Amino acid sequence: MSYQPVKQLLQTPPGQTVTVKGWVRTKRESKNAVFVAINDGSTIHTIQAVAETGTLPDDTLRLITTGACVAITGELVESQGAGQAVEVKITDVTIYGPADPEKYPLQPKRHSLEFLREIAHLRPRTNTFSAILRIRHALAFAVHKYYNDNGFFYLNTPIITASDAEGAGEMFRVSTLDPMHPPKTEEGKIDYSQDFFGRETNLTVSGQLEGELGALALGKIYTFGPTFRAENSNTTRHLAEFWMIEPEMAFYELEDNMALAEDFVKSVIRYALDNCADDLAFLENRLAEEEKTKKKEEQQEMTLTQKLRFVIDNDFERLTYTEAVEILRNSKPAKKGQFQYEVSWGVDLQSEHERYLVEKHFKKPVILTNYPRAIKSFYMKQDNEPATNARGEVFGPTVRAMDVLFPGIGEIIGGSQREDDLDKLTARMAEVGIDPEAIWWYLDTRRFGTAPHAGFGLGFERLVLFVTGMSNIRDVIPFPRAPKSAEF
Ligand code: ATP
Ligand code: MN
């Protein structure tokens with residue numbers, strides 16, 4: 001096997017014999033020559049291979065069609081045409097795999113993203129999806145690099161878990177029991193003691209609880225793994241299977257947590273800008289074309305790379321939930337009744353509210369903190385003072401939570417300082433009905449050598465969504481899992 005990736009060939013000086021292996025994007029025939037554009041996935045660009053008319057056997061020429069896989073050998077020469085420095089002067093062609101043009105679903109034209117979702121097995125062969133997948137790779141690498149460079153340890157938390165402390169009702173069950181004839185207890189319930197693990201188990205909704213165990217031993221850890229939520233949310237921002245990055249740090253308080261979150265996302269976005277210029281340029285053009293089809297007032301003011309630069313060049317706005325509610329209640333859309341959901345202190349903010357704060361009010365990423373205790377998870381550190389607004393009104397208890405909100409997306413990161421006081425933690429668990437026995441091991445961290453600590457979760461696909469400028473989360477993961485959709 002000897003060949004050079006197209007990415008490398010395009011930067012190779014002319015004058016040597018090379019072999020390129022890849023998939024035919026287009027074939028064009030003129031009076032004197034046939035031009036074949038080949039892409040091998042190493043770059044968004046194709047390399048052009050040229051043969052003078054009559055030099056290729058007819059049955060070979062016939063099989064060079066869009067989608068066919070070929071190996072082409074020839075001399076790398078200076079290109080006659082515009083757009084590329086070099087091209088391959090064909091001396092030999094091997095057809096690895098023809099692709100019947102009558103049946104091959106990808107034609108050299110623009111297909112809708114909806115159509116491409118139906119052929120997710122082939123869409124990586126398009127410019128758009130190969131660009132997205134290369135950027136996704138670069139971002140994943142940047143995540144590991146960032147944490148490695150900053151003294152964090154990569155901790156693998158379990159995918160199958162027995163704790164349903166977090167997302168009861170939203171989990172996928174893992175079981176080897178016969179669904180037709182499950183063993184029953186005397187009360188007629190399913191007897192999970194006879195199941196594979198001798199208890200009920202599920203796919204994880206978060207690695208956080210185990211992440212905390214790691215942080216309280218290793219200091220700074222992060223997880224980066226698959227995460228599952230059986231919530232039936234058919235939105236453009238939710239998947240049933242997604243990848244989450246969860247750093248967890250001993251001795252970090254809320255402010256440190258925010259500083260880390262901001263530095264981290266800026267760093268990985270910068271990495272993409274520095275390392276994915278070609279793919280970003282392609283997606284930027286694609287987006288600009290798409291914008292042109294929209295009404296003037298709905299068009300985005302910034303190009304894709306401008307938007308990415310803007311995020312890394314500006315400080316994220318930090319404010320409390322209580323302050324945000326004030327802003328939202330006094331906002332134009334609230335007064336004109338344009339929000340679908342009304343805002344008052346205590347409600348969970350909807351994506352429309354988050355996006356108003358980010359896109360209209362502050363016009364930059366926002367970190368909201370100190371949310372009402374009632375709408376956040378039991379493990380978040382309780383604030384000592386109740387919240388008060390500028391007019392001196394006093395509201396219920398809050399916790400040291402933080403959500404990072406991004407334009408076009410809303411929540412991209414959710415995190416908090418954790419409750420490190422055993423009594424406060426168990427009291428809160430009792431209020432929300434979590435059995436301390438079920439997570440005795442988690443509570444042991446508070447029993448033995450507890451410490452202030454904090455962490456957050458970044459939904460990897462939401463990051464990829466932002467960086468690629470795509471609008472549907474199903475288009476930034478190779479094989480999306482969503483309600484009624486698990487074909488590929
Ligand atoms: P949302 O309110 O948007 O549903 P959440 O508050 O339920 O999110 P968290 O439990 O805080 O989410 O999870 C941390 C991060 O994981 C979120 O900030 C988001 O980036 C990502 N995330 C959560 N649920 C999903 C999902 N179903 N698909 C993709 N990413 C998700
Ligand atoms: Mn959240």
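Guide: We'll go from the overall layout to the charged pairs. Keep in mind that this is a predicted model.

Visitor: How many helices and strands are there in the chain?

Guide: The chain has 14 helices and 16 strands. Its C-alpha atoms fill a box of roughly 85 × 60 × 45 Å along the principal axes. Of the 488 residues, 50% are buried.

Visitor: Which domains does the assignment give?

Guide: Domain 1 covers 6-107. Domain 2 is 125-170 + 205-475. Their C-alpha centres lie 45 Å apart.

Visitor: What's the interface between domain 1 and domain 2 like, in residues in contact and buried area?

Guide: In domain 1, 10 residues are in contact with eight residues of domain 2. The two domains bury about 770 Å² between them, with 46% of that on carbon and sulfur atoms. On the domain 1 side, R25, I44 and L106 lose the most area, together 61% of what that side buries.

Visitor: How many salt bridges cross that interface, and how many residue pairs are in polar contact?

Guide: Zero salt bridges. Six residue pairs are in polar contact there.

Visitor: And how many salt bridges in the whole structure?

Guide: The search finds 27. One of them pairs E212 with R446, the closest N and O atoms being 2.8 Å apart. E212 is in helix α5 and R446 in helix α13, so this pair ties together parts that are 234 residues apart in sequence.

Visitor: Are E212 and R446 buried or exposed?

Guide: Both E212 and R446 are buried.

Visitor: What about E289 and K292, how far apart are their closest N and O atoms?

Guide: 3.3 Å, and they form a salt bridge. The two residues sit three apart in helix α7, so about one helical turn separates them. E289 counts as partly exposed at 43% relative accessibility. K292 counts as exposed at 61%.

Visitor: Where do E431 and R373 lie?

Guide: They meet in a salt bridge, at 3.6 Å from N to O. E431 lies in helix α12, while R373 is in the loop between β13 and β14, so the pair links parts 58 residues apart in sequence. E431 is exposed, at 52% relative accessibility.

Visitor: Which residues are joined into one network by salt bridges that share partners?

Guide: E212, E248, R418 and R446.

Visitor: Switching to K307. What's the nearest side chain of opposite charge?

Guide: E291, which is 8.3 Å away. K307 is buried yet has no salt bridge. That lysine is in helix α8.

Visitor: So what does K307 touch?

Guide: Leaving out residues up to four places away in sequence, K307 touches Q300, M302, F466 and G469.

Technical notes: Residues are numbered from 1 along each chain as its sequence is written. Chains are lettered from A and ligands numbered from 1 in the order in which they are written. This is a predicted model: local features need pLDDT of at least 70, side-chain atom pairs count only at pLDDT 80 or more; totals for chains, interfaces and linings use all residues. Side-chain values use heavy atoms; hydrogens and water are left out. Helices (H or I, at least four residues) and strands (E, at least two) are DSSP runs, numbered from the N terminus. Buried means under 20% relative accessible area, exposed over 50%, partly exposed in between (1.4 Å probe, protein chains only). Lys and Arg count as positive and Asp and Glu as negative; His and the chain ends are not counted. A salt bridge is a side-chain nitrogen of Lys or Arg within 4 Å of a carboxyl oxygen of Asp or Glu. Contact means heavy atoms within 4.5 Å. Domain bounds come from an automatic or database domain assignment. Buried area is the accessible area (1.4 Å probe) that two parts lose on being put together, summed over both. A polar contact is a pair of N or O atoms within 3.5 Å; within protein, one must be able to donate a hydrogen and the other to accept it, and residues adjacent in sequence count only if both atoms are side-chain atoms.
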